[in-house]
Amino acid sequence: MTENHPELQQPAHGPKHKKDLTRRKVVVAGAGAAVAVGAAGTLAASGAFASETSTAASASSTSTAAEACYRLTSETTEGPYYIDADKIRRDITEDKEGIPLTLQLKVIDSETCKPVANAAVDIWHCDALGIYSGYESLSTGGGGGGAPTEAPSGTPTDAPSGTPSGTPTGEPPSGAPSGGTGGGGHQEPTDDERYLRGTWRTDKHGQVTFRTIFPGWYRGRTVHIHTKVHVDGSWTDAGYEGGHTCHTGQFFFDEESVLASAEVEPYSTSTTERTTLSEDTIYDQSGTTGGLLKLKYNKKNIAKGVIGSITMGVDPDTTNDGTSL
């Protein structure tokens, strides 16, 4: 059963683009998603996000017409674990344990510098031990090496036993084109779990805020969050319909924050080999343009929570669905 969301019942405005339209529909989530984050060394999400409203308001008040344009944010592979028709919600934590993360995103047109309002922004990522919802049977995460793989389309996923421990299992092989792109054939979901996945609408300032947890890692990839931006669709009682995907990217975390998180449970229990930011084959080493988040947290106690922010420069006229990279 779905719910009505009056605050979302607004048609997307802005120029109508007649090309590259694809059909998509997002089903509204049921009520009562759990918020609490419970584990030794972690905090309840309800307390960790107390400053979210004031922080977002402050960011909004500093926006001016003279705001500098951003270069186009790097496009990346969608990866194999994207699930369309996901939940319309800002808090995607459910009952997953981990360091609370408030993710503050802004979407602007990289040519005009204007905010992109009423866009649908998707985010999805693995849990603290490297497991993706919807694909738990393909994820062994913190169990020690058999974590999810984001291999290029057509790459065998059933490696023979006896594969050397140093053989990378992530996406993609070295030599990917500049810009951090790489292949990623889609996999069909293997279960009905949908934690750490969600979609929400940008406001008139192009801003949207999500509540989640700091992601963990799995073999072959650095710590990251996937994202998509959809435009020219319509918000209805059922969610978001129509339009096209103008951006597919990933957000990344600096090494200092990841090392700090690794000292906190349940991250500290992971036995999975970790790929550093500089070793990752998707991140293009270009800083903010490549998806590197600006992070704020207590350097002496990251378990209290992290605020991550970034502005994404997109081209609303194009289609970048991340499936052909």
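# A quick tour of a predicted fold

Glu255 is partly exposed, with a relative accessible area of 22%. That value sits just outside the buried class because buried means under 20%. Keep in mind that this is a predicted model.

**The four-stranded sheet**

- Look for four strands that make an open sheet, running in the order E3-E2-E5-E8 with antiparallel pairing.
- Strand E3 (197-201) and strand E8 (244-252) stand at the edges with a single partner strand each, so one side of each has no neighbour in the sheet.
- From one strand to the next, the twist averages 20°.
- Strand E5 (residues 224-231) and E8 pair over eight bridges, in the antiparallel sense.
- Zoom in on that pairing and you'll find His226 with Gln250 of E8 as its bridge partner.
- Gln250 also has a side-chain partner: its side chain makes a polar contact of 2.8 Å with the side chain of Arg221.
- Arg221 itself lies in the loop between strand E4 (207-213) and E5, and it counts as buried because its relative accessible area is 0%.

**The nonpolar cores**

- The largest nonpolar core has 43 residues, and Leu105, Ile123, Phe210, Phe251 and Phe253 touch the most other members.
- E1, E2, E4, E5, E8 and strand E10 (306-314) are the elements giving two or more residues to this core.
- Leaving aside neighbours within four places in sequence, Leu105 is in contact with several residues, including Val121, Ile123, Phe210, Phe251 and Met312.
- Another core lies apart from the largest one, with eight residues, among them Tyr81, Tyr82, Cys126 and Tyr135.

- Leu295 is found in strand E9 and counts as buried at 16% relative accessibility.
- Not counting residues up to four places away in sequence, Leu295 touches Phe253, Asp254, Ser257, Val306, Ile307 and Gly308.
- Leu295 and Val306 are eleven residues apart along the chain, and 6.7 Å separates their C-alpha atoms.

**Salt bridges**

- A search of the whole structure turns up eight salt bridges.
- In one of them, the side chains of Glu78 and Lys228 meet at 3.0 Å, N to O.
- That pair links distant parts of the chain, 150 residues apart: Glu78 is in the loop between H2 and E1, while Lys228 is in strand E5. Glu78 and Lys228 are both buried.
- Lys96 and Asp127 also meet through their side chains, at 3.4 Å, N to O.
- Glu255 is in helix H3 and Arg274 is in the loop between H3 and E9. Arg274 is partly exposed, at 23% relative accessible area.
- Lys87, Arg89 and Glu94 are linked in a network of salt bridges.

- Most residues other than glycine have a negative phi, and most peptide bonds are trans.
- Glu94 has a positive phi, near 50°, without being a glycine. It lies in the loop between helix H2 (52-61) and strand E1 (100-109), and is buried at 15% relative accessible area.
- Cys113 also has a positive phi, about 70°, and is found in the loop between E1 and strand E2 (120-124).
- The peptide bond from Glu265 to Pro266 is cis, with omega near 5°. Pro266 is in the loop between helix H3 (255-261) and strand E9 (294-296).

Note on methods. Residues numbered from 1 in each chain as written. Predicted model: local features only at pLDDT ≥ 70, side-chain atom pairs only at ≥ 80, totals over all residues. Heavy atoms only, no water. Buried < 20%, exposed > 50% of the residue type's maximum accessible area, 1.4 Å probe, protein only. Pairing = 2+ DSSP bridges. Axes fitted to C-alpha atoms, helices over the stretch in contact; angles between N-to-C directions. Polar contact = N/O pair within 3.5 Å; in protein donor to acceptor, adjacent residues only side chain to side chain. Contact = heavy atoms within 4.5 Å. Core = buried A, V, L, I, M, F, W, Y, C linked by side-chain atoms within 4.5 Å. Salt bridge = Lys/Arg side-chain N within 4 Å of Asp/Glu carboxyl O.
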